Amino acid sequence: MSLSAKIASRNLPKRRARTILTITAVFLGVALLIGINMATSSALGEFNNYINKFWGATDIVVTSGNGLQFSNQTLNTVENNALVHQTAERLVWGGVIGTASSNTTFFLTGVNPTNDFDYATFNITGTRQLSQGEVVVDKVIAEKLGKGIGSTLNVTTFTSQLQSEWILLRIVGINNPLRNLGSTVYISLPELQSRVGLGGEITHVYASLYDSTKAIQAVNELQTVLPTYDVSAPKAEAVQRIQGQTTGFQIGLNVMIGVSLVVCSFIVFNTLYMTVSERTYEIGIIRAIGGSQAQIFKIFFAEGGLIGALGTVAGILGGLGLARLFTFVFETTFSVPNLPVAQLTPGIALAGLGAGLATVLAGSLYPAISASRINIIQAIRPSARNSKRQIPLPFVALGAILMLGLGIGESLRITPFHVNYLDVVLVPIGLVLFGSAVFGKAGRALTLPIFLLSGAVGYVSSRSGRRRLLRSSVCFGMITITLSFAIMIGGIQSGVRGALQQGVQEAIGADIILVANQSVPVSFTDNLTSLQQVASATPLSPSPFSAKAFGKSASSSIGIVAVDPSIFPSIISYTFVNSEPVSQIYQQLASDNQSLLIPDSLASKLGVAAGDQLSILTRKPTADNSSSIVSFTVAGVFTGPVLQYIQFGEHFASDSVVVSLASQREYFAGRDTSPLFLVDLKPQYKSQATGVAQDIAGRFPRYDFAENSLTLGELLSLVNDTINRIFALILLILYFALLIASMGIAATMIMNVSDRRREIGLLRAEGMSRSQITGLFLGEGTLLGLFGFLLAIPGGLLLLKGATNSTSLAGFFIPFIVPYSAIVQALVLALVAVLIGSLYPAIRASRLEITRALEQV
Amino acid sequence: MNIPAVVELENLEKSYRLGEVTVNALRGVTLKLMQAEFMVIMGPSGSGKTTLLNIIGTLDKPSTGRALIDGEDITIMNDGQLTKLRRHKIGFVFQFHNLIPVLTALENVELPLITSGIKRRVSRDRAMELLRRVGLQDRTDHLPDELSGGEQQRVAIARALANHPRIVLADEPTGDLDTQTGSEVVQLMHSMAKQEGSSVVVVTHDPVVAERADRLVEMRDGRITEKAPERLAGQKHTIRAVEPLPPEPGRSLSQPN
């Protein structure tokens with residue numbers, strides 16, 4: 001063992017309490033990082049697994065831009081792409097069993113069992129081969145119809161000429177899909193093509209790739225050669241979408257882990273710096289007998305390294321346990337039962353190892369350097385030490401002001417440049433430095449809160465804090481940094497809640513959102529408005545088929561949502577940007593079937609603005625059912641933070657355009673039906689929305705409204721609940737950071753007690769009681785906690801301001817709302833943290849024997 | 001026979017600021033230390049003894065004047081050169097807390113050898129030999145706080161001599177010991193330095209130590225006021241072979257962490 005390691009390893013146990021606390025702090029920081037990453041990786045892995053199972057080997061899906069059938073020659077174009085491994089063709093059609101009043105609708109899908117690579121992976125009971133008149137049905141349909149293998153089905157479908165066609169089919173196999181959403185009956189492709197009069201035509205091409213990671217590249221290549229088709233990579237896009245939606249959440253988690261590790265670094269710094277201070281004489285001796293500066297540096301750096309290695313290794317092991325806790329929290333938070341046991345991957349282990357060692361080494365660097373630079377004469381002759389040597393406060397203040405100035409400029413976005421997260425680093429550190437300067441100069445003003453409790457205790461404690469400025473600064477600094485983020489998170493939570501609630505109200509904010517189990521004629525609104533509680537009602541009709549839009553800068557598959565322009569704006573208030581007044585927008589939508597409203601994200605993607613023309617591949621029904629590209633006018637561009645979370649059929653609201661019901665009828669095969677109705681209640685009934693919704697469900701049982709309908713209150717409460725659960729998880733990590741800070745405070749207080757034994761002895765000898773000594777140290781802790789809290793208020797608000805000036809956190813702008821409840825909570829947390837950290841050292845101080853205490857030189 | 005000078009000090013001045021006051025710790029000190037000479041410096045507190053010792057030990061630098069060790073001017077050396085010089089040519093014995101508390105007696109003696117990069121086996125043998133010579137061969141694995149004050153100083157003497165230094169510097173080596181133990185420690189230091197051929201400079205208030213001196217130097221107000229080799233010439237003690245001193249069981253001074 002090297003000399004440095006030997007001295008380091010033997011010194012650590014001599015300062016047992018602070019060493020244990022420091023190692024525990026590192027342990028917690030690393031365990032937090034490992035635990036969170038393992039749990040996150042488990043959740044995302046499970047999601048990817050689910051996506052992979054759901055889509056099987058299919059990497060690419062090709063459909064026509066408007067959902068109509070196309071020639072199976074397209075299959076060759078797909079097959080010719082070098083990235084494509086296997087292809088399969090299908091004709092997805094519709095079928096129904098039952099009577100007009102009671103029926104079951106499903107997809108009637110034609111497949112080639114012999115060469116459909118995706119169908120080959122289905123979990124089918126019975127046989128998967130399909131001869132004439134044979135079908136495989138999804139389990140859900142079989143159960144709903146009470147059918148099994150060998151049963152027959154009397155299916156009604158329609159031909160390409162919209163003529164009804166009856167087919168008698170025999171079930172030869174039951175498909176057990178991944179989730180209970182299957183509603184498909186599989187039939188031989190040639191048979192279906194023949195029955196519906198679409199020989200040689202299909203609606204879908206499925207493809208697998210040699211390398212699934214190249215799915216987006218394959219989409220781009222195929223989209224180029226098939227411009228009027230919709231080419232998608234469902235697996236890759238789903239993964240991208242979930243990553244996009246969880247970015248803010250992951251940033252939140254990582255920032256909190258970062259805060260914990262910074263607090264750990266502070267603790268290591270404090271512990272080692274105090275150790276250097278205590279061992280100054282020893283350093284002098286080693287230097288005097290020929291130890292070099294580098295050797296002294298190594299001794300103290302090795303001590304930090306040893307703490308880091310022990311804490312990190314323990315943290316990685318502890319992280320395994322913590323991962324189970326966080327996996328459980330994820331399961332509860334996101335209602336995903338039975339997440340797999342998180343695995344410690346080499347990547348996560350390395351991240352933990354790197355973060356733990358980097359944290360500790362960052363904390364050790366300055367103490368080790370300062371140890372190596374100690375003046376030998378001053379080290380071996382305490383009388384030669386300059387007792388007035390202090391941190392030059394004016395320099396500290398100047399540095400703080402510069403950092404704060406730049407940090408505040410970044411938060412408010414008034415600097416000529418912008419560096420991501422620069423304010424997150426500069427504001428807390430600048431505030432702590434500023435706090436140090438104030439703490440060193442503020443004099444008796446700081447004693448005021450403690451004087452209220454006890455004049456004598458306050459008198460001594462306030463001066464003790466200022467006498468050990470560096471360690472005091474580290475203590476309140478940990479509180480300031482942690483609570484700044486607590487206040488910021490509280491503010492973001494309030495802001496996100498406010499933005500989402502407003503967004504929900506803007507997007508679908510009717511008093512009641514009725515969701516039927518089938519498409520209902522839009523004239524159903526008359527039934528609704530005839531109810532005495534209802535002020536108005538309007539359909540919201542998503543088209544079951546996609547369309548394809550060709551913008552100036554890109555083309556994209558889009559969803560179509562139809563509304564009644566005369567009533568819709570009286571219930572829903574979209575926020576329009578760079579558009580005409582609302583009344584004019586809806587007037588144009590009503591009068592011009594070739595006009596539409598578009599969300600800003602889609603407008604930006606396609607490169608169009610209000611007043612521009614947008615070409616759309618429509619399903620305008622013609623005699624031969626051919627399609628055509630029609631130019632639409634963008635009547636208005638609207639915005640909303642929740643559009644990306646609302647899904648209509650295959651498309652999210654953020655990827656769907658809004659047209660009138662008449663336009664949908666003319667260009668998008670609309671039939672004046674809708675499964676969704678928005679209901680606005682008369683003012684006196686708004687508080688009874690739930691009762692009214694139940695009443696409507698009872699009056700129209702055939703639409704099964706009770707199953708899926710929501711009131712605005714329920715929707716907002718759902719939004720609130722989800723936000724609270726997500727933020728509870730982030731705050732849980734923050735509490736860990738605070739626990740780590742408590743340990744740092746405890747370690748510092750133990751040092752204070754240790755090197756003030758003589759002072760304690762003197763105070764006791766002069767008549768101070770044990771409880772007064774306890775109060776002395778608790779008072780010092782409280783002073784540090786309160787000071788840290790006071791600095792955290794501007795810190796938190798500035799961080800919040802910076803966060804609300806960026807969309808990267810939530811995908812939309814969050815309003816700046818001062819989080820009063822979070823500030824109050826931060827005060828309580830500060831006091832709890834310092835009391836936890838100070839209690840044991842205070843009790844230890846009060847129990848010192850007076851004679852032993854007075855022995856200290 | 002012409003005995004070479006190990007240390008040559010020429011007109012040394014040292015001043016430093018203490019608050020608002022400038023203190024002139026040394027005022028034109030000129031002095032030579034010969035090979036194997038046992039020099040004792042005495043004088044009242046604040047007379048500049050320790051400052052002079054620190055300059056000879058390369059721990060401090062003079063404000064003006066020249067200081068040579070083995071003919072090399074230490075006033076123009078940088079920190080790295082001074083560290084190497086101390087490592088190879090100088091040994092120290094301080095008043096108390098001489099030893100690294102977490103290292104055993106053996107490891108403490110080994111410390112300067114290890115910092116010099118000497119192989120572990122060689123350094124261990126040398127340390128064992130020195131501990132045997134100071135009579136602590138049975139206490140090699142004891143930590144400093146398991147040793148008495150006298151034993152600790154004997155370990156410090158062994159450590160000071162580990163690298164075969166040209167000079168051993170001792171600042172009040174008996175200041176923390178009782179008279180009997182102090183006398184034994186001085187006798188040990190004297191005899192071992194003579195055996196190793198090392199020169200010794202001892203700063204002390206203790207007349208018992210002064211009795212051992214080949215040369216006694218007195219200082220006052222930063223100046224050498226009296227050189228008394230002649231006074232001591234006729235009273236020189238006969239250097240006797242020193243038997244290893246037995247350990248002092250039952251004595252243990254606790255050291256603060």
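Modeller: Let's begin with a term: pLDDT is the predictor's confidence in each residue, on a scale from 0 to 100. This is a predicted model, where local features need pLDDT of at least 70 and side-chain atom pairs count only at pLDDT 80 or more, while totals for chains, interfaces and linings use all residues. Residues are numbered from 1 along each chain as its sequence is written, and chains are lettered from A and ligands numbered from 1 in the order in which they are written.

Colleague: Okay, what pLDDT does chain B average?

Modeller: Chain B averages 82, and 86% of its residues score at least 70. Over residues 229-257 of chain B, though, pLDDT stays under 50. For that stretch the model has 40 contacts beyond four places in sequence; a contact means two residues whose C-beta atoms, placed from the backbone, lie within 7 Å. For the complex, the predictor gives an ipTM of 0.77 and a pTM of 0.74.

Colleague: How many helices and strands does each chain have?

Modeller: Helices (H or I, at least four residues) and strands (E, at least two) are DSSP runs, numbered from the N terminus. Chain A has 28 helices and 25 strands, and chain B has 8 helices and 10 strands.

Colleague: And what share of each chain is buried?

Modeller: A residue is buried if 20 or more other C-beta atoms lie within 10 Å of its own, exposed if 12 or fewer, and partly exposed in between, with C-beta atoms placed from the backbone. Buried residues make up 48% of the 857 residues in chain A and 47% of the 257 in chain B. The C-alpha atoms of chain A fill a box of roughly 105 × 65 × 50 Å along the principal axes.

Colleague: How do I read a sheet?

Modeller: Look for pairing: two strands pair if DSSP finds at least two bridges between them. In chain B, an open sheet of 4 strands has the order E2-E1-E4-E5, with antiparallel pairing. Its edge strands are E2 (21-34) and E5 (72-73), each pairing on one side only. Inside that order, E1 (residues 5-18) and E4 (residues 64-69) of chain B are joined by 5 bridges, and B:Leu9 has B:Ala67 in E4(B) as its bridge partner.

Colleague: Which strands pair with E19 in chain A?

Modeller: E15 (residues 547-550) of chain A pairs with E19 (residues 613-617) in the antiparallel sense over 3 bridges, with A:Lys548 opposite A:Leu617. E20 (residues 629-639) of chain A also runs antiparallel to E19(A), joined by 5 bridges; there A:Gln613 has A:Thr633 as its partner.

Colleague: What about two packed helices?

Modeller: They are described by the angle between their axes and the distance between the axes. Here axes are lines fitted to C-alpha atoms, for helices over the stretch in contact, and angles run from 0 to 180 degrees between N-to-C directions. Take H12 (residues 393-411) and H26 (residues 770-804) of chain A: their axes come within 8 Å and cross at roughly 40 degrees. That makes H12(A) oblique to H26(A), because angles under 35 degrees count as roughly parallel, over 145 as roughly antiparallel, 65 to 115 as roughly perpendicular and the rest as oblique. Among the residues making this contact are A:Gly407 and A:Ile408 of H12(A) and A:Leu798 of H26(A).

Colleague: Last one: how many residues does each chain bring to the contact between the chains?

Modeller: Chain B gives 22 residues and chain A gives 20. On the side of chain B that touches chain A, helices H2 (79-89) and H3 (105-115) of chain B each supply at least two residues.
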